[in-house]
Amino acid sequence: MPGPQTTPAPSDPSRDPEDASRRRKPWPKRWKIATAVAVVALAGAVLPDSPKDAAQDATADAKTAGTQRSRGTAPGATATPAAAGTPDPMSRPVPDFHGQNLDVAYGKARKAGFLVTSHDASEKNKFIRGRAPWTVCFQQTGRTGTKATLDFAVVPTDAPCPKEDGRPIPWPTMPELVWKTWRTARAEVVALGVPADRVEAHKAYRNDRLPSEGEYDDWRVCAHDPAEGAKVESGTRVTLYLSSKDTGCPAPDRANGMYADLPDRDSDGDPDYHDPFPGDRSRNTAFPNGVPRTGAPDGPGGSSGGSHGSGRIICRHTRLC
């Protein structure tokens, strides 16, 4: 009789060499790498930025906003790029043209890539005719569409710049020059910016005459035009009315060289102060041997003895006398 049948005990997997080998087999290397990358990416998307990274981003944003303001672009806005292939002239430091002739500054600015305009820097806003007779006082950059512009505020070449664009030109004023020597007064006028060839010497007395140039350096100024306090603007001519210090100046209301006369007792045209023949009108500095006459008893040639004779003075009202 057969014995009782027994149910075989379940096999122990840990003792199954084949199963054990399958359980101990590691993940393929490529799966490990892919898993690690996915974990890092997920952490970067979830975790906040570090304080150091946030500070660096804020600094970069501030620099960008400052650059946009310096170029006339609102913060956060995108600057209009220059034409393709043309460098933006405002990407480099803009040259300073202050004090340069407008014609020279215009050429340099155009060469640098700017669209150039100009206007009068004074409150008169005069029309700019030509570029050669003007000087740059101020400059302002801007944009016209995609084109960088440079606007010059200018004044006449011999004028000083105003304190600000659109303010009056601070022209110099005439000082008081009365009784100063020609040499001193002329130097003061030239120092105001008046060209030397625009300073003229005139006689203060109608019947006086100036010596040769250089011989009246010590003569005194009796009056001047423009008068004290007047503006000496561009193109001004200055006239100094002179007299020898030996004769003094005419009365103030007659000091314009048109109405005042020096004493001339013999009426020969020579003022008494330098008349070599103060009592003889037949002789003067031009004709020390007598003024030429016609029809005189002693004939042409005149007399040196002081007699008027009955003849007519041929040089009366002419340059000969």
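Predicted model: local features only at pLDDT ≥ 70, side-chain atom pairs only at ≥ 80, totals over all residues.
What covers the buried residues of α5?

The overall picture comes first. The protein has 321 residues, of which 27% are buried. Its secondary structure amounts to five helices and eight strands. Along the sequence these elements follow the pattern α-α-α-α-β-β-β-α-β-β-β-β-β.

Let me now return to the opening question. The buried residues of α5 are Trp 182, Ala 185 and Val 189. They are on the same side of the helix, because the arc they cover around the axis is only 75°. The cover over these residues includes β4, which spans 199–203, together with β5 and β6. The helix itself lies across those three strands, β4, β5 and β6, and it runs at about 150° to β4. After α5 comes Gly 193, which has a positive phi, near 110°.

β4, β6 and β5 form an open sheet of three strands, in the order β4-β6-β5, with mixed pairing. Which strands stand at the edges? They are β4 and β5; each has a single partner strand, so one side of each is left without a neighbour in the sheet. From one strand to the next, the twist averages 30°. The pairing of β5 with β6 is antiparallel and extends over five bridges. As a point of reference in the structure, Arg 220 stands opposite Ser 243 in β6.

I turn next to the disulfides. A disulfide is a covalent bond between the sulfur atoms of two cysteines. How many does a search of the whole structure find? The search finds two disulfides.

One of them is formed by Cys 137 and Cys 161, with the sulfur atoms 2.0 Å apart. This pair links distant parts of the chain, 24 residues apart: Cys 137 belongs to strand β2, residues 134–144, while Cys 161 sits in the loop between β3 (147–156) and α5 (182–191). The torsion about the S-S bond is about -90°, so this disulfide is left-handed. As to accessibility, Cys 137 counts as buried because its relative accessibility is 3%. Cys 161, with a relative accessible area of 29%, is partly exposed.

The other disulfide joins Cys 222 to Cys 249, with an S to S distance of 2.0 Å. Here Cys 222 lies in strand β5 and Cys 249 in the loop between β6 and β7, so the pair ties together parts that are 27 residues apart in sequence. Is this disulfide left-handed or right-handed? The torsion about the S-S bond of Cys 222 and Cys 249 is about -85°, so it is left-handed. Cys 222 is buried, at 8% relative accessibility, whereas Cys 249 is partly exposed, at a relative accessible area of 27%.

Two loop residues remain to be presented. The first topic is Thr 236, in the loop between β5 (220–225) and β6 (238–243). Is Thr 236 buried or exposed? Buried means under 20% relative accessible area. Thr 236 has 15% relative accessibility and therefore counts as buried. A polar atom of its side chain lies 2.7 Å from the backbone oxygen of Glu 233. Apart from neighbours within four places in sequence, Thr 236 is in contact with Val 194, Arg 198 and Pro 226.

The next topic is Pro 288, which is placed in the loop between β6 and β7. At 37% relative accessibility, Pro 288 counts as partly exposed. Which residues does Pro 288 contact, leaving aside its neighbours within four places in sequence? They are Phe 277 and Arg 283. The C-alpha atom of Pro 288 is separated by 8.3 Å from that of Pro 276, twelve residues apart along the chain.

Thank you for your attention.

Note on methods
Residues numbered from 1 in each chain as written. Heavy atoms only, no water. Helix = DSSP H or I, 4+ residues; strand = E, 2+ residues; numbered from the N terminus. Buried < 20%, exposed > 50% of the residue type's maximum accessible area, 1.4 Å probe, protein only. Polar contact = N/O pair within 3.5 Å; in protein donor to acceptor, adjacent residues only side chain to side chain. Contact = heavy atoms within 4.5 Å. Disulfide = S-S within 2.5 Å. Arc of directions from axis to C-beta. Pairing = 2+ DSSP bridges. Axes fitted to C-alpha atoms, helices over the stretch in contact; angles between N-to-C directions.
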